[in-house]
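Biologist: I would like to learn how to read a structure like this one. Could you take me through its features in turn?

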Amino acid sequence: MMRRLNRKKALHLVQELDAFPKVPESYVETTASGGTVSLIAFTTMAVLAILEFFVYQHTWMKYEYEVDKDFSSKLRLNIDVTVAMRCQYIGADVLDLAETMVAASDGLTYEPVHFDLSPLQRIWQRTLLHIQSRLQEEHSLQDVLFKSVFKGAPTSLPPREDNPSQPPNACRIHGHLYVNKVAGNFHITVGKAIPHPRGHAHLAALISHDTYNFSHRIDHLSFGEEVPGIINPLDGTEKISVEHNHMFQYFITIVPTKLKTYKISADTHQFSVTEQERVINHATGSHGVSGIFMKYDINSLMVTVTEQHMPFWQFLVRLCGIIGGIFSTTGMVHGLVGFLVDIVCCRFKLGTYKPKDVSLLDGHVNNHTPLITENNKH
């Protein structure tokens with residue numbers, strides 16, 4: 001018996017704390033204006049809830065910077081360059097500041113090809129150059145590439161769809177090398193490289209200057225782990241030499257980058273580049289060696305790019321705020337509009353509720369009328 005009383009008291013206490021009292025339906029008056037406002041409110045809630053769901057699905061890239069403390073590991077150099085000279089006339093290698101020479105035989109392949117592209121390959125190159133121009137104008141497109149790395153394909157030249165009858169007149173140098181994480185110089189010049197006590201040298205004495213032609217096309221150049229879909233600054237670059245003795249220089253600044261997305265996690269490197277070219281003419285004071293020189297330096301800062309997503313609890317809070325805000329706002333707007341309509345319709349016009357004289361049966365009048373009238377004066 002006592003337990004039942006305690007339960008009733010507890011239930012009664014809980015009912016007293018009800019912040020959402022129920023109004024009987026007989027006391028509720030529905031109107032056409034209220035139904036219209038409710039329909040507009042529910043439609044707005046649905047539209048904003050759907051848009052908020054799309055915002056919840058969206059991700060963004062967060063950039064963090066720190067000092068790169070890894071100096072002992074090797075740096076991978078990925079290269080795919082086509083030079084308008086035969087393979088037996090040119091050589092490629094790397095020489096860094098530590099005077100360490102990395103020969104091309106350690107990972108590069110020399111493949112005789114045709115320098116002129118086929119129609120399909122030319123379309124591919126034009127598309128790549130168009131993407132490069134858009135990336136230079138819209139830097140936010142790089143975030144789109146980071147988030148869709150698995151959907152894209154490596155920026156490699158597609159195979160030829162035709163079979164030319166003429167013999168190959170160019171050399172495609174492609175592959176990868178592992179170099180020290182210090183400044184260095186990757187170069188392609190005349191003659192094969194040979195070791196030298198003071199560095200290295202190229203055997204170019206037996207090659208005629210008339211065969212020099214360092215017109216080239218860079219189909220791919222990247223550092224670190226090769227990530228599919230990432231477009232690097234020099235991909236698709238093509239240079240045509242108008243003189244036999246021509247020097248092309250690329251000054252590259254490399255930034256170590258850790259990429260962490262929901263699709264891939266990779267240690268790669270971004271880089272910026274400055275280009276310079278000139279004709280070698282010793283008579284006019286333009287000294288140097290004909291060839292293609294890519295001088296790179298490594299930045300001491302490392303960038304960590306992380307893909308982030310809105311938490312689910314934040315999505316629920318924003319959704320409740322949208323629904324509750326619209327519900328409260330439409331209720332207040334509806335009440336304010338109804339009040340203004342009542343004023344405009346003259347419900348509270350002066351004299352509308354003026355009381356009338358009422359005579360009583362006993363000859364007295366109500367206390368709102370005077371007791372003496374003009375007729376009673378006589």
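This is a predicted model: local features need pLDDT of at least 70, side-chain atom pairs count only at pLDDT 80 or more; totals for chains, interfaces and linings use all residues.

Biologist: How many helices and strands are in the chain?

Modeller: Helices (H or I, at least four residues) and strands (E, at least two) are DSSP runs, numbered from the N terminus. The chain has five helices and 15 strands.

Biologist: What percentage of the residues is buried?

Modeller: Buried means under 20% relative accessible area, exposed means over 50%, and partly exposed is in between (1.4 Å probe, protein chains only). Of the 378 residues in the chain, 33% are buried. As for area, found by the Shrake-Rupley method with a 1.4 Å probe, where for residues only the protein chains shown count as cover, the chain exposes about 24,900 Å². Carbon and sulfur atoms supply 61% of that area.

Biologist: How many salt bridges does the structure hold?

Modeller: A salt bridge is a side-chain nitrogen of Lys or Arg within 4 Å of a carboxyl oxygen of Asp or Glu. The structure holds 11 salt bridges. One of them joins lysine 181 to aspartate 68, with the closest N and O atoms 3.1 Å apart. This pair links distant parts of the chain, 113 residues apart: lysine 181 is in the loop between β6 (170–180) and β7, and aspartate 68 is in the loop between β1 (59–67) and β2 (74–83). Both lysine 181 and aspartate 68 are buried.

Biologist: Which residues are linked in a network of salt bridges?

Modeller: The network links Arg122, Arg217, Asp219 and Glu238. Within it, the side chains of arginine 217 and aspartate 219 meet at 3.4 Å, N to O, and both of these residues are buried.

Biologist: Where do lysine 239 and glutamate 277 lie?

Modeller: Their side chains, those of lysine 239 and glutamate 277, meet in a salt bridge at 4.0 Å, N to O. Lysine 239 lies in strand β11 (residues 237–239) and glutamate 277 in strand β13 (residues 265–279), so the pair ties together parts 38 residues apart in sequence. Glutamate 277 is partly exposed, at 40% relative accessibility.

Biologist: Which cysteines form a disulfide?

Modeller: A disulfide is a covalent bond between the sulfur atoms of two cysteines. Cysteine 87 and cysteine 171 form the disulfide, with their sulfur atoms 2.2 Å apart. Cysteine 87 is in the loop between β2 and β3 (90–96) and cysteine 171 is in strand β6, 84 residues apart. The torsion about their S-S bond is about 105°, so the disulfide is right-handed.

Biologist: Is cysteine 171 buried or exposed?

Modeller: Cysteine 171 is buried, at 0% relative accessible area, and cysteine 87 is buried at 13%. Cysteine 320 is exposed, at 55%.

Biologist: Where is asparagine 185 placed?

Modeller: Asparagine 185 is in strand β7 (residues 184–190) and is buried, with a relative accessible area of 17%. Contact means heavy atoms within 4.5 Å. Leaving aside neighbours within four places in sequence, asparagine 185 is in contact with Asp93, Val94, Leu95, Phe293, Met294, Lys295 and Tyr296.

Key. Residues are numbered from 1 along each chain as its sequence is written. Side-chain values use heavy atoms; hydrogens and water are left out. A disulfide is a pair of cysteine sulfur atoms within 2.5 Å.
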